[in-house]
Amino acid sequence: MEQKFLGVLIDHYAKDDLEISIFDTEAKLAYSANGKSNAELAKFSRYALEQDTPLVLASEDDANMDNIIYTAAIKPSGKLFGAIVLKGKRDAVQKTGQELKAAIESSIMYEKFIAEKSTTIEEKRAELAISLTKSNIDKEESEKLLASFDMDPSLLRSVICIRLNIYQNNYFNINLSLGYRASFEELKDEILKEIMGSDYITSQDMVAMKTSSLIIVIKSFQMKSDIKKAYKALDVITQNLSDSLGKYSSLSFSVAYGSIVPTLKGIRTS
């Protein structure tokens, strides 16, 4: 969860007579309503991290039971995120603690849902881009998928191909194979993000890793576009992509674009 939002959430529940702190899975302070670390509360957070149910305990420094500790693990979807510890009057700590615990867990779950939804849409767009380069596309189904992404099926389109050649160290060792593979994949992910972040890539375009070394960009143009100007635009776009990829010293690449086609089935020939 974003630290700033976590702080806003806790500060919303904070009161002068109520201490609230959030600790990570190692019982280290993640956020405190008063901005100060409290060793006593940190100790109680360890209890919560080891328990499945919330605990309501008497504070060690208060024999009159005026200051009560409420501590509970934060476990959205069963995965441990940390622990919440409150100190104050019994009714306040228990009620506020339960509400805050639920609010934090709900926020984390929603954050995860949004991230997964975003990733899924991105992956589906990439899958659609790859499917449009095949010979046996289902035109009706493809049009429905494009429309579901708020993309216009009737636009002119051209395929830009970017072939990557990632260098390997001359001293490549079989024992380092997995490490190199991981770094290759990370670099490809970074390159994909670089391309998708280009000023020339719009919501009507698609970017996908078609093979382990080939990236395709399906670039769209308005139906009434001047074809000569559209091809000039492709020159500018491919040059921009080349300039962006030129900063990666660990790879060489080649960029080419195909003809501009008016139909989805024509994308393959592009």
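**Exercise 1.** State whether K144 and E140 are buried or exposed, and which contact their side chains form.

*Solution.* Step 1: K144 and E140 are each exposed, a class that requires over 50% relative accessible area, with buried being under 20% and partly exposed in between (1.4 Å probe, protein chains only). Step 2: their side chains meet in a salt bridge with an N to O distance of 3.9 Å; the term denotes a side-chain nitrogen of Lys or Arg within 4 Å of a carboxyl oxygen of Asp or Glu. Step 3: both residues belong to helix α4 (residues 139–148) and are four residues apart, about one turn of the helix. Helices (H or I, at least four residues) and strands (E, at least two) are DSSP runs, numbered from the N terminus.

The model is predicted: local features need pLDDT of at least 70, side-chain atom pairs count only at pLDDT 80 or more, and totals for chains, interfaces and linings use all residues. Residues are numbered from 1 along each chain as its sequence is written, and side-chain values use heavy atoms, with hydrogens and water left out.

**Exercise 2.** Determine where K219 and D205 lie and how they are classed by accessibility.

*Solution.* Step 1: K219 and D205 form a salt bridge whose closest N and O atoms are 2.7 Å apart. Step 2: this pair links distant parts of the chain, 14 residues apart, with K219 in strand β8 (residues 214–221) and D205 in the loop between α5 and β7 (206–209). Step 3: K219 is buried because its relative accessible area is 6%; D205, at 3%, also counts as buried.
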